[in-house]
Amino acid sequence: MARKGISILKGIDANEVIALLNKAYADEWLAYYQYYIESKVIKGIMKDSVVAELDQHAADELRHATMIAERILQLGGTPLLHPKDWFSYANCSYETPTNPDVLNILDQAIKGEQCAIDIYSKLAEITQGKDIVTYDIVSSILADEVEHEEDLQALYEDISEFIEQFKR
Ligand code: FE
Ligand code: FE
Ligand code: MG
């Protein structure tokens with residue numbers, strides 16, 4: 001634990017930040033697995049472009065988990081040690097891809113990104129002016145989640161339009 005690094009927190013307790021970060025850490029692992037497995041089971045029209053996007057997003061979520069774990073450790077905390085804790089700590093729900101249709105998968109992934117945007121914008125508000133390093137990390141993750149939503153929404157619209165044209 002780095003004492004000087006923790007001493008620069010202003011008006012927020014390190015334990016409060018650690019608790020919030022562990023919840024986001026659980027979200028990242030569930031998001032990682034959701035996109036990982038969606039990219040494997042997905043079926044339907046134009047699925048290859050969706051697979052490429054899901055694989056890229058899964059890699060981003062795993063990178064986010066790493067950024068958060070490292071910050072928790074810097075603050076003197078312990079990242080969740082058992083996967084069973086992911087469900088009890090997570091803010092966002094896990095969308096099980098039981099329907100592998102490409103538009104359904106995209107819809108579920110978009111929901112995940114929208115929940116992540118909510119969580120990280122709240123974390124940015126809470127840490128702004130109080131914990132500069134965490135603020136920086138959550139702002140950078142927030143920018144990725146905003147990009148993720150846009151990528152998936154654009155694919156959803158392209159594929160929906162293609163299907164409409166095909167029907168005509
Ligand atoms: Fe993420
Ligand atoms: Fe994301
Ligand atoms: Mg992308």
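**Labels and the values behind them**

Mentor: Start with a pair: α5 and α6 are roughly antiparallel to each other. Keep in mind that this is a predicted model.

Trainee: What makes α5 and α6 roughly antiparallel?
Mentor: Their axes cross at roughly 155 degrees. Angles over 145 degrees count as roughly antiparallel. The pair is therefore given that label. The axes come within 8 Å.

Trainee: Which hand does the crossing of α5 and α6 have?
Mentor: Left-handed. The residues of this contact divide into 19 nonpolar, 8 polar and 3 charged.

Trainee: Let me step back to the whole chain. How many helices and strands does the protein have?
Mentor: It has 6 helices and 0 strands. From the N terminus on, the order reads α-α-α-α-α-α. The C-alpha atoms fill a box of roughly 65 × 30 × 20 Å along the principal axes.

Trainee: What share of the residues counts as buried?
Mentor: Of the 168 residues, 30%. The cut-off for buried is 20 or more other C-beta atoms within 10 Å.

Trainee: And how far apart in sequence are the residues that meet?
Mentor: Take contacts between residues at least 6 apart in sequence. Of these, 79% join residues at least 24 apart.

Trainee: Now α2 and α3. At what angle do they pack?
Mentor: At about 160 degrees, with their axes 8 Å apart. The crossing is left-handed. By class, their contact has 17 nonpolar, 4 polar and 5 charged residues.

Trainee: Why are α3 and α5 called roughly parallel?
Mentor: Their axes cross at roughly 25 degrees. Angles under 35 degrees count as roughly parallel. So α3 and α5 are roughly parallel to each other. The axes come within 11 Å, and the crossing is left-handed.

Trainee: Which residues make the contact of α3 with α5?
Mentor: From α3, K47, V50 and L54. From α5, V102, I105, L106 and A109. By class, that is 6 nonpolar, no polar and 1 charged.

Trainee: Which members of the largest nonpolar core touch the most other members?
Mentor: L21, A24, Y25, V50 and L106 do. The core holds 33 residues. The elements that give two or more residues to this core are α2 (14-41), α3 (47-74), α5 (102-127) and α6 (132-167). Of these, α2 gives the most, with 11 residues.

Trainee: What is A24 in contact with, leaving aside its neighbours within four places in sequence?
Mentor: With I68, I119 and L123. For a contact, the C-beta atoms must lie within 7 Å.

Trainee: How far is I126 from I12?
Mentor: Their C-alpha atoms are separated by 8.7 Å. Along the chain, the two are 114 residues apart.

Trainee: What makes D85 partly exposed?
Mentor: D85 has 15 other C-beta atoms within 10 Å. That count sits between 12 and 20, so D85 is partly exposed. D85 is found in helix α4 (residues 84-89).

Trainee: What does D85 contact, and how far is D85 from K43?
Mentor: Leaving aside neighbours within four places in sequence, D85 is in contact with A26 and L80. The C-alpha atoms of D85 and K43 are separated by 31 Å. Those two are 42 residues apart along the chain.

Trainee: Last one. Where does M46 lie?
Mentor: In the loop between α2 and α3. Phi of M46 is near 55 degrees, a positive value in a residue other than glycine.

Trainee: How do you know whether M46 is buried, exposed or partly exposed?
Mentor: Count its C-beta neighbours inside 10 Å: M46 has 14. Exposed would take 12 or fewer, and buried 20 or more. So M46 counts as partly exposed.

Terms used. Residues are numbered from 1 along each chain as its sequence is written. Chains are lettered from A and ligands numbered from 1 in the order in which they are written. This is a predicted model: local features need pLDDT of at least 70, side-chain atom pairs count only at pLDDT 80 or more; totals for chains, interfaces and linings use all residues. Helices (H or I, at least four residues) and strands (E, at least two) are DSSP runs, numbered from the N terminus. Two residues are in contact if their C-beta atoms, placed from the backbone, lie within 7 Å. A nonpolar core is a set of buried Ala, Val, Leu, Ile, Met, Phe, Trp, Tyr and Cys residues joined through C-beta atoms within 7 Å. Axes are lines fitted to C-alpha atoms, for helices over the stretch in contact, and angles run from 0 to 180 degrees between N-to-C directions. Angles under 35 degrees count as roughly parallel, over 145 as roughly antiparallel, 65 to 115 as roughly perpendicular and the rest as oblique. A crossing is left-handed if the near helix is turned anticlockwise from the far one by less than a right angle, and right-handed if clockwise. Ala, Val, Leu, Ile, Met, Phe, Trp, Tyr, Cys and Pro count as nonpolar, Asp, Glu, Lys and Arg as charged, and the others, Gly among them, as polar.
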